[in-house]
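Here's a quick walk through this chain, from its surface to its core. Have the sequence and the 3D view open as you read.

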Amino acid sequence: MSEPVEGGSLLTVAAEIVSLDPEGFIIKIHNDERNETFEAKSVREYAEYLIRSVNGSMCDNFVATWLPSPNARKSDIDLIGMQLGMMQEWMEKELGQDEEVDDGGLKEAMEAADEAAERSEDS
């Protein structure tokens, strides 16, 4: 799956960050091809599930996307973003990608969390 197939079938793997009390998080992941939901307890577990989903898919293309996570703590979003950044090269190799993997909106989610935190501090 290293080159996109124009007009081909699409596997979508969507993820949401859920902060736990008093600390920690899970990443809820949904694979639309298998209509399966999985709860990852770590970024590594998320990455491994994503790779298994893509490599086991019958679809021609895939997209990994991050859903809005309005109740996720900023610290959890930041930690997940940092860990995914550190794992990017490994994930690209496992997915057979020659170019950068799109973060599926995680950068935008991190920026929105920063803006929300700044607004609450200003109040």
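## Surface and burial

The protein chain has an accessible surface of about 7,600 Å², with 49% of that belonging to carbon and sulfur atoms (Shrake-Rupley method, 1.4 Å probe). Of its 123 residues, 33% count as buried, meaning under 20% relative accessible area.

Keep in mind that this is a predicted model, where local features need pLDDT of at least 70, side-chain atom pairs count only at pLDDT 80 or more, and totals for chains, interfaces and linings use all residues. Residues are numbered from 1 along each chain as its sequence is written, and side-chain values use heavy atoms, leaving out hydrogens and water.

## Overall layout

Going from the N terminus, the elements read β-β-β-α-β-α-α, so there are three helices and four strands (DSSP runs: H or I of at least four residues for helices, E of at least two for strands).

Strand 2 (residues 25–31) and strand 3 (residues 36–40) run antiparallel, joined by five bridges; strands pair if DSSP finds at least two bridges between them.

## The core

The largest nonpolar core has 26 residues, and Ile 27, Tyr 46, Trp 66 and Ile 80 have the most contacts inside it. Such a core is a set of buried Ala, Val, Leu, Ile, Met, Phe, Trp, Tyr and Cys residues joined through side-chain atoms within 4.5 Å. Helix 1 gives the most to this core, with seven residues.

Beyond its neighbours within four places in sequence, Tyr 46 is in contact with Ala 15, Ile 27, Ile 29, Ala 40, Ala 64, Trp 66 and Leu 84 (contact: heavy atoms within 4.5 Å).

Conventions
Buried means under 20% relative accessible area, exposed over 50%, partly exposed in between (1.4 Å probe, protein chains only).
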